[in-house]
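Subject: Structure handover

Hello,

Here is the structure I said I would pass on. Please open it next to this email and follow the residues as they come up.

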Amino acid sequence: SRCVLGASSRSSRSLASTSAGIEASSGGVALGSSETVSGSVSARGAVTLGSSAAVGGGIATTGNVTLQSSARVGTDIQADGAVSLGHAIRVGGNVTSEDESVSIASSNAVVVGCVKAPKDGNRKTITLGWHASVGGVCCRPGNSPQCQDSCVQNGSGYAMPPLCTAMPPPG
């Protein structure tokens, strides 16, 4: 079982899937189906977790994050790019997209903490799919620490999640 590290297959390296953590100073990180990392993942590119893959800590990246079905992240996801969360995923902390959007497109996904994305005019930057469950939502206009829910497309079948509280200023 391997964890592939790098921007392309030509420049990738592999690490044991039970690694205490992964730090990719250039490029992205991809965990295959059912691979696990007990610590956190830090990257300067896209981070992808395959079906049933798990990261015990959090994910921080300057790129996009994709969690395929039943993937698990123990704490927070912090991305500059878009975050896409699949069917039956579980995130034990907050999910933040600094510049793009967060999409929870499939059913039975759980984010224990807050889902945060920028407010970009009338664009829906947070999308909650059927039976997606999140602890709270926050659309931040500009550098304001104040949360709104106007950017949320709530297709969960549940009431609109509460606004997140005590939001620190971005950065």
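Below is what was found, beginning with the whole chain and then going on to single residues.

Please keep in mind that this is a predicted model.

The chain as a whole

The chain has 171 residues, and 42% of them are buried. Its secondary structure comes to 20 strands and zero helices. The accessible surface is about 7800 Å², and carbon and sulfur atoms hold 47% of that. If you take the contacts with a separation of 6 or more, 20% of them are between residues 24 or more positions apart.

The disulfides

There are three disulfides in the structure. Counting the bonded cysteines along the chain, the pattern of pairing is 1-6, 2-4, 3-5.

C114 is bonded to C164, with 1.7 Å between the sulfur atoms. The angle about the S-S bond is 95 degrees, and the link is right-handed. C114 and C164 are both buried.

C138 is joined to C147, and here the S to S distance is 2.1 Å. The torsion about this S-S bond is about -90 degrees, so the disulfide of C138 and C147 is left-handed. Both of these cysteines are buried.

C139 pairs with C151, the sulfur atoms being 1.9 Å apart. C139 sits in strand 19 (residues 133–141) and C151 in the loop between strand 19 and strand 20, which puts the two 12 residues apart. With a torsion of about -85 degrees about the S-S bond, the disulfide of C139 and C151 is left-handed. C139 and C151 are buried as well.

The salt bridges

How many salt bridges does the structure hold? It holds two.

One is between the side chains of R140 and E98, at 3.0 Å from N to O. R140 is in strand 19, and E98 is in the loop between strand 15 (95–97) and strand 16 (102–104), so the pair links parts of the chain that are 42 residues apart.

R123 is partly exposed, at 35% relative accessibility. D120 is also partly exposed, at 40%.

The nonpolar core

The largest nonpolar core has 37 residues. Which of them touch the most other members? They are L49, I59, L67, I77, L85, I104 and I126. Leaving aside residues up to four places away in sequence, L67 touches L49, I59, V73, I77, S84, L85, G86, I89 and V91.

A buried threonine

T61 belongs to strand 9 (residues 59–61). Its relative accessible area is 6%, so T61 is buried. The side chain of T61 reaches the backbone oxygen of G45 at 2.4 Å. Among the residues that T61 touches, beyond four places away in sequence, are A43, R44, G45 and V47, together with Q78, A79 and D80.

Regards

Conventions: Residues are numbered from 1 along each chain as its sequence is written. This is a predicted model: local features need pLDDT of at least 70, side-chain atom pairs count only at pLDDT 80 or more; totals for chains, interfaces and linings use all residues. Side-chain values use heavy atoms; hydrogens and water are left out. A disulfide is a pair of cysteine sulfur atoms within 2.5 Å. Buried means under 20% relative accessible area, exposed over 50%, partly exposed in between (1.4 Å probe, protein chains only). Helices (H or I, at least four residues) and strands (E, at least two) are DSSP runs, numbered from the N terminus. A polar contact is a pair of N or O atoms within 3.5 Å; within protein, one must be able to donate a hydrogen and the other to accept it, and residues adjacent in sequence count only if both atoms are side-chain atoms. Contact means heavy atoms within 4.5 Å. A nonpolar core is a set of buried Ala, Val, Leu, Ile, Met, Phe, Trp, Tyr and Cys residues joined through side-chain atoms within 4.5 Å. Accessible areas come from the Shrake-Rupley method with a 1.4 Å probe; for residues, only the protein chains shown count as cover. A salt bridge is a side-chain nitrogen of Lys or Arg within 4 Å of a carboxyl oxygen of Asp or Glu.
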